[in-house]
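Thanks for coming. I will take a few minutes to walk through one structure, and you can follow along on the screen.

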Amino acid sequence: MEVLSPAGNLEKIKYAVMYGADAVYAGSQAFSLRAKADNFDYDDLLKAVEFCHTNSVKLYVPLNIYAHNRHIEELKTYIQSIYEAKIDAVIVSDLGVFELVKNIAPNMPIHVSTQANVTSYQAVKAFAKLGAKRIILARELTFSEIKEIRQKCPDIELEIFIHGAMCISYSGRCLLSAFFSNKTQNIIRSANRGECTQPCRWKYHLIEESRPSEAFSIDEDKHGFYFMNSKDLCLFNRLEEIYQCGIDSVKIEGRMKSLYYISAVTRAYKSQIQSIKSKTTTQDKAFWRTELDKVSHRIYTEAFFDEANAEDTQNYASSTYIRDWQFAGNILEIKNGYALVKSYAKITENDEIEIIFPDKQYDLKIKKPQLFDENLLAIQSTKPNSSFYIKIVETISNRQINKQLPEYGILRLKI
């Protein structure tokens, strides 16, 4: 079972790969449904393909917009270019785009996006006849439905989402962002073209037609009433059932999330799946589940896995994230008991930090860190967007910490 991780740029691809991804998905600047992610130009795409294939990892490119007439000619050129880049598959939802890919790049595998909202074995069979290699099933399916699809469609790859933010609308098809941005900014920012403003997370009030200046609160409590605000998906505790079902790929959402999120979540799921494969599922399970709590997230839910129940999937109290740990930096070099760190947050000598690595046996917990500037002069605190040194245990730098790539350590700060 493949662990498929998100990546918004080349750096995030590298972290996803080093932290255990079997495959990554990364969008173009034009045609994927994350237009605000960093995404890739063509040179970066070539570098990403080379890095992934050197590490025996696959790279999939989302091409999952719903195309308008004005997109077609540019799409033709783009499909040819990614085909020549030797990506491992393209992810599509539009049947017109599907046909373009088949005609222009007949040997390129096609994965059908969750945006196509495939909810039945009949739809899976239909896409298989068209030439799809893999179906990314709709998130609205229960596990019993997924198992039935697997049983009745044994010869096509199936992929499901297992972790990350969920859209309030059916398979992500939402008009709210386009409506509100057009009203307030005179610019249409469509969720179906990758520019969602997440209005489902906003607070709302009720206004009566004849009293436009009076906004009536619909609060459940002092924090507000978030009646369209979904929790975050987390199927960590159901991995063994998913594995036994024969799902080919499990997908993590988050191309716009930090490299810390991508790394920590990938490592947790990959490690637990390896335990399931080796039949040592109880070993470290609690540790990996706790790791998922250490990334920024909303309240977790198993969503539709057992049944569709809004009480389980919606958070009516708040749209804020749970954030007990903060991404603080990544290691550039380890030498002579010091780690050179690229900083993303202020760290003081009184803080508590942890450093994680692709192999958890090298993880470090440090209270009251010893901090130094780039000249190795002691300092009391660091500044975001700068570089600094941190003293680490002498023995750790002399062990085999991912010897060729020591820079893949990540710092998190206890908030």
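**Cores, a lysine and a helix pair**

Start at I242: apart from neighbours within four places in sequence, its contacts are M1, F143, I160, I162, L235, I247, V250 and F305. Keep in mind that this is a predicted model.

I242 belongs to the largest nonpolar core, which has 94 residues. Together with I13, I135 and L137, I242 touches the most other members of that core. Which helix gives the largest share of this core? That is helix α9, residues 259–277, with 10 residues. There is also a second, separate core of 19 residues, and I353, L364, L371 and L413 are among its members.

Next, a lysine. K12 sits in helix α1, which covers residues 10–18. Is K12 buried or exposed? Its relative accessible area is 12%, and buried means under 20%, so K12 is buried. Setting aside neighbours within four places in sequence, K12 contacts A7, R255, M256, K257, S258, L259 and I262.

Last, a pair of helices. Helix α3, residues 72–84, and helix α4, residues 95–104, have axes that come within 10 Å and cross at roughly 50 degrees. The two are therefore oblique to each other. The crossing of α3 past α4 is right-handed. On the α3 side, the contact is made by I72, L75, K76, I79, Q80 and Y83; on the α4 side, by V97, L100, V101 and I104. By type, the residues of this contact are eight nonpolar, one polar and one charged.

Note on methods: Residues are numbered from 1 along each chain as its sequence is written. This is a predicted model: local features need pLDDT of at least 70, side-chain atom pairs count only at pLDDT 80 or more; totals for chains, interfaces and linings use all residues. Side-chain values use heavy atoms; hydrogens and water are left out. Axes are lines fitted to C-alpha atoms, for helices over the stretch in contact, and angles run from 0 to 180 degrees between N-to-C directions. Helices (H or I, at least four residues) and strands (E, at least two) are DSSP runs, numbered from the N terminus. Angles under 35 degrees count as roughly parallel, over 145 as roughly antiparallel, 65 to 115 as roughly perpendicular and the rest as oblique. A crossing is left-handed if the near helix is turned anticlockwise from the far one by less than a right angle, and right-handed if clockwise. Contact means heavy atoms within 4.5 Å. Ala, Val, Leu, Ile, Met, Phe, Trp, Tyr, Cys and Pro count as nonpolar, Asp, Glu, Lys and Arg as charged, and the others, Gly among them, as polar. A nonpolar core is a set of buried Ala, Val, Leu, Ile, Met, Phe, Trp, Tyr and Cys residues joined through side-chain atoms within 4.5 Å. Buried means under 20% relative accessible area, exposed over 50%, partly exposed in between (1.4 Å probe, protein chains only).
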